[in-house]
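Open the model in your viewer and keep the sequence panel beside it. This tour goes stop by stop, with something to select at each one.

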Amino acid sequence: MEAGEIWVRPDEGVPLRHGSDHPLLRYRLVLVDRDGGRWWLEGWKTARASRDFWKQTRTIDVTIGRENEPASLEGVVKVPGKSYVPDQIDGIEVDPRLTPQEQRLAKLAWLSWFFVQVGMGLAEPSLRAVAELLDLRKDAIDRDQDKLQRKIRKLMIKREQTR
């Protein structure tokens, strides 16, 4: 990796395209291969209302392409559980000019902030789902009934079209 940026909770975790995937991390990296070829990588780590927090934390959707070319590779990268924590903690490099104590403090400050952000990002979709389930506004029942009526109308129209 030559350069890059990572956004933590981009757009404050607001779901993408009114969907259920909440952005947790966004990556944009410049990579250099062994032959000196340059590549770009864009990745998204998302959170959703689910109990698989550990899997969500270790999984990222990526798109990769050669510099100044469209994407040529696309897929999902899943970091093995055994190496995730050591890579995330021991892999952090801090300014070597700092004293060992300052280095530990800098690493602790970063990890504290980062883990709180990731924790909030992972919890938010589930909390939104619970809030929707417990929707206690006066018009909540009416809205649910309207939604059901729309679904029934849609099914009736579809049924008539298939006859």
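Start with a term for later: a residue is buried under 20% relative accessible area, exposed over 50%, and partly exposed in between, using a 1.4 Å probe and protein chains only. This is a predicted model, where local features need pLDDT of at least 70, side-chain atom pairs count only at pLDDT 80 or more, and totals for chains, interfaces and linings use all residues. Residues are numbered from 1 along each chain as its sequence is written, and side-chain values use heavy atoms, with hydrogens and water left out.

**Stop 1: the whole chain**

Show the protein chain as a cartoon. It has four helices and five strands. Both are DSSP runs numbered from the N terminus: helices are H or I with at least four residues, strands are E with at least two. From the N terminus, the order is β-β-β-α-β-β-α-α-α.

Now zoom out. Along the principal axes, the C-alpha atoms fill a box of roughly 70 × 40 × 25 Å. The radius of gyration is 22 Å, while a compact globule of 163 residues would have one near 15 Å. That radius is taken over C-alpha atoms, and the globule rule is 2.2 Å times the number of residues to the power 0.38.

How much of the protein chain counts as buried? The share is 23% of the 163 residues. The accessible surface comes to about 12,600 Å², and 56% of it belongs to carbon and sulfur atoms. These areas come from the Shrake-Rupley method with a 1.4 Å probe; for residues, only the protein chains shown count as cover.

**Stop 2**

Two strands pair if DSSP finds at least two bridges between them.

Strands of a sheet pair through backbone hydrogen bonds, either parallel or antiparallel.

Go to strand 3 and strand 4, an antiparallel pair with six bridges. Pick Trp 40 and look across to Gly 65 in strand 4.

Move on to strand 4 (residues 59-66) and strand 5, also antiparallel over six bridges. Thr 59 faces Lys 78 in strand 5. Ile 64 faces Leu 73 in strand 5. The hairpin of these strands has six residues between them, and Asn 68 takes a positive phi near 65 degrees there.

**Stop 2: the loop at Pro 15**

Select Pro 15, in the loop between strand 1 and strand 2. What does Pro 15 touch, not counting residues up to four places away in sequence? The list is Asp 21, His 22, Pro 23 and Arg 128. Contact means heavy atoms within 4.5 Å.

Draw a distance from Pro 15 to Lys 78. They are 63 residues apart in sequence and 21 Å apart in space, C-alpha to C-alpha.

**Stop 3**

Select helix 3 (residues 100-133).

Pick Gln 117 in helix 3. Is Gln 117 buried or exposed? Gln 117 is buried, with a relative accessible area of 15%. Leaving aside neighbours within four places in sequence, Gln 117 contacts Val 8, Arg 9 and Leu 24.

**Stop 4: the aromatic cluster**

Show the aromatic side chains. The whole structure has four aromatic pairs. In the pair of Trp 110 and Trp 113, the ring centres are 5.4 Å apart and the planes stand at 35 degrees, so the pair is tilted. Rings of Phe, Tyr and Trp (its six-membered ring) pair if their centres lie within 6.5 Å; planes under 30 degrees apart are stacked, over 60 edge-to-face, and the rest tilted.

Trp 110 and Trp 113 are three residues apart in helix 3, about one helical turn. Trp 110 is partly exposed at 38% relative accessibility. Trp 113 is partly exposed at 42%.

Next, select Phe 114 and Phe 115, a tilted pair with 6.0 Å centre to centre and 55 degrees between the planes. Phe 114 is buried at 8% relative accessibility, whereas Phe 115 is partly exposed at 40%. Ring pairs link Trp 110, Trp 113, Phe 114 and Phe 115 into a cluster.
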